[in-house]
Amino acid sequence: MPATSMEQLVSLCKRRGFIFQSADIYGGLQGVYDFGPLGVELKNNLKAAWWRAMVYERDDIEGLDASILTHQKVLHYSGHEETFTDPLQDCKKCKNRFRADHVKDGKCPECGSTDLTEPRMFNLMFKTAVGPVEDSGNFAYLRPETAQAIFTQFKNVVDATARKVPFGIAQIGKSFRNEITPRNFIFRVREFEQMELEFFVKPGTDLDWIEKWKEARINWWIEQGLKRENIHVHDVEKEELAHYSKKTYDLEYQFPHGIEELEGIADRTDYDLGNHTRYQKELNISAHVHENKESDSKLALFDDETKKWFVPWVIEPSAGVERGVLAVMTEAYTEEKLPNGEMRTVLKLKKHLAPVKVAVIPLKRNNADIVKLAHEIKTELLKTGIGRVMFEDSGNIGKAYRRHDEIGTPICVTVDFESIEKQPATVTIRNRDTMAQERIKVSDLPAYLKAFFATK
Ligand code: GAP
């Protein structure tokens, strides 16, 4: 089992302002969480690292930010209306509901009763009324995955960018699933964000590409701080595959509650582009695609070599942002015994993920010169573009170090009497991981910190 427990993480998240239960003051909305002042920074940093790796560092991927409200037909032809379901069982005694695969030995997980209903299928999509009249025809779905709009906008993106396969479309955004049993803090929730890439390839090259993407994604997670030995690759059994997939690797992580899926990398074949296309017969699309008479599209590309139209196949690496946050926090959370016997909690996040990069701390909050210099330093450091620099006015240096260790701030800069009394002005910088302190000229600080944050 991992050294970090879920209780330690939940407590830190609430105490320091990473994550709160939604509608806490009304008893909470189950399976829904809000990201607080530090959580939003960590989440944004993780998403920025993904976007950078996908869209900026490669030359074969474009971005998209599509709507959450999704036309019913899209999710009809994608197969979600029919197959995006979980079997659920009711306990007749305590009246709770469970996913059938969470019921062990026919016993209610809550009260132990064996008086349960037979499993029945439950669709996980949220519906909402569109427009002022609430009737059965006027509804849209909240998307259950970000992927579908990438497929429906495929032709527009290709026409606008003149892309040829292999190439991908990346998107980060909210998805919604009415999970029967949300659980394990932010691991299984009803509202979450996905970072999804749909990578379009020529038919027949899909199995090579899924291997390449598996390796690329493992390496990316290692760059985010996860240890290789905590990432497990699960080759999903045929019976367990999603309705659209021919082959899937799950990257699983050693979460505090057990080894579970962090990201899926699926071979979606031509299933989605095929299903949203009207011209399946003439395009020789795979047999598992349904005939589509309602769409007006031909989601196909022209092959200059064979002089034929073809529907690209798709490899999809799809990761959950909340699960990513949980994984990097699990890995980073450390409790250390200091030489004086005291314990310190440190969040050893990778620098680029840390919510606060630098805390500038005035040793005396009532000394106007010290406070003024601390403000000036903060303003100068912000110009370097390293990220959030915080003026930390807690008034107690020991407390400030403890707080910034716990929230993972890599560097604290302390402005003291020597800083204002001697020329050239100097400050103390303290490293989170080593706790080493050194004095450095104020004029050298921007270059020093820029270099420090430029390395991984
Ligand atoms: N487009 C493919 C797709 O949605 P998925 O395996 O259902 O595939 C992909 O979801 C990722 O989204 C998962 O690996 C997980 O990280 C995240 N995810 C799925 N359901 C989630 C939930 N209820 N709560 C939090 N994250 C979830």
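## Backbone Contacts to the Ligand

A backbone N or O atom of Val189 is placed 2.8 Å from a nitrogen atom of the ligand. This is a predicted model, in which local features need pLDDT of at least 70 and side-chain atom pairs count only at pLDDT 80 or more, while totals for chains, interfaces and linings use all residues. Residues are numbered from 1 along each chain as its sequence is written, and side-chain values use heavy atoms, with hydrogens and water left out.

Phe187 also has a backbone N or O atom at 3.3 Å from a nitrogen atom of the ligand. For Leu262, a backbone N or O atom lies 2.8 Å from an oxygen atom of the ligand. A polar contact is a pair of N or O atoms within 3.5 Å; within protein, one must be able to donate a hydrogen and the other to accept it, and residues adjacent in sequence count only if both atoms are side-chain atoms.

## The Shell Around the Ligand

On its own the ligand has 560 Å² of accessible area, and the protein covers 91% of this (Shrake-Rupley method with a 1.4 Å probe). There are 20 residues around the ligand (a heavy atom within 4 Å), and Glu145, Arg177, Glu179, Glu196 and Glu261 come nearest. By class, the shell around the ligand holds 10 charged, 6 nonpolar and 4 polar residues. Here Ala, Val, Leu, Ile, Met, Phe, Trp, Tyr, Cys and Pro count as nonpolar, Asp, Glu, Lys and Arg as charged, and the others, Gly among them, as polar.

Strand 11 (191–201), strand 14 (258–269) and strand 17 (313–320) each supply at least two residues of this shell. Strand 14 gives the most to the shell, with 5 residues. Helices (H or I, at least four residues) and strands (E, at least two) are DSSP runs, numbered from the N terminus.

## The Largest Pocket

Where does the ligand sit? The space taken by the ligand is the largest pocket. A pocket is an open set of points on a 1 Å grid over the protein atoms alone, where a 1.4 Å probe fits, with protein on both sides within 12 Å along at least five of seven lines; lining residues have an atom within 4 Å of a point. A molecule sits in a pocket if more than half of its atoms lie within 2 Å of its grid points.

The largest pocket contains about 1,500 Å³ of space. Its lining has 50 residues, and Arg177, Arg188, Glu240, Asp250 and Glu261 are the closest to its centre. Strand 14 provides the largest share of this lining, 7 residues. By class, the lining of the largest pocket has 21 charged, 16 nonpolar and 13 polar residues.

## The Second Largest Pocket

About 640 Å³ of space lies in the second largest pocket. Of the 24 residues that line this pocket, Ala49, Arg52, Lys351, His352 and Phe453 are the closest to its centre. Helix 2 (37–56), helix 7 (206–223) and helix 14 (445–454) each give two or more residues to the lining, and helix 2 gives the most, with 6 residues.

## Backbone Features in the Loops

A cis peptide bond joins Val165 and Pro166, with omega about 0 degrees. Pro166 belongs to the loop between helix 6 (154–161) and strand 10 (167–176). Another cis peptide bond joins Gln423 and Pro424, with omega about -5 degrees. Pro424 is in the loop between helix 13 (417–421) and strand 23 (426–431).

Phe185 is not a glycine, although it has a positive phi of about 60 degrees. The place of Phe185 is in the loop between strand 10 and strand 11.

Note on methods:
Points joined across faces, edges and corners; volume = space filled by probe spheres on them.
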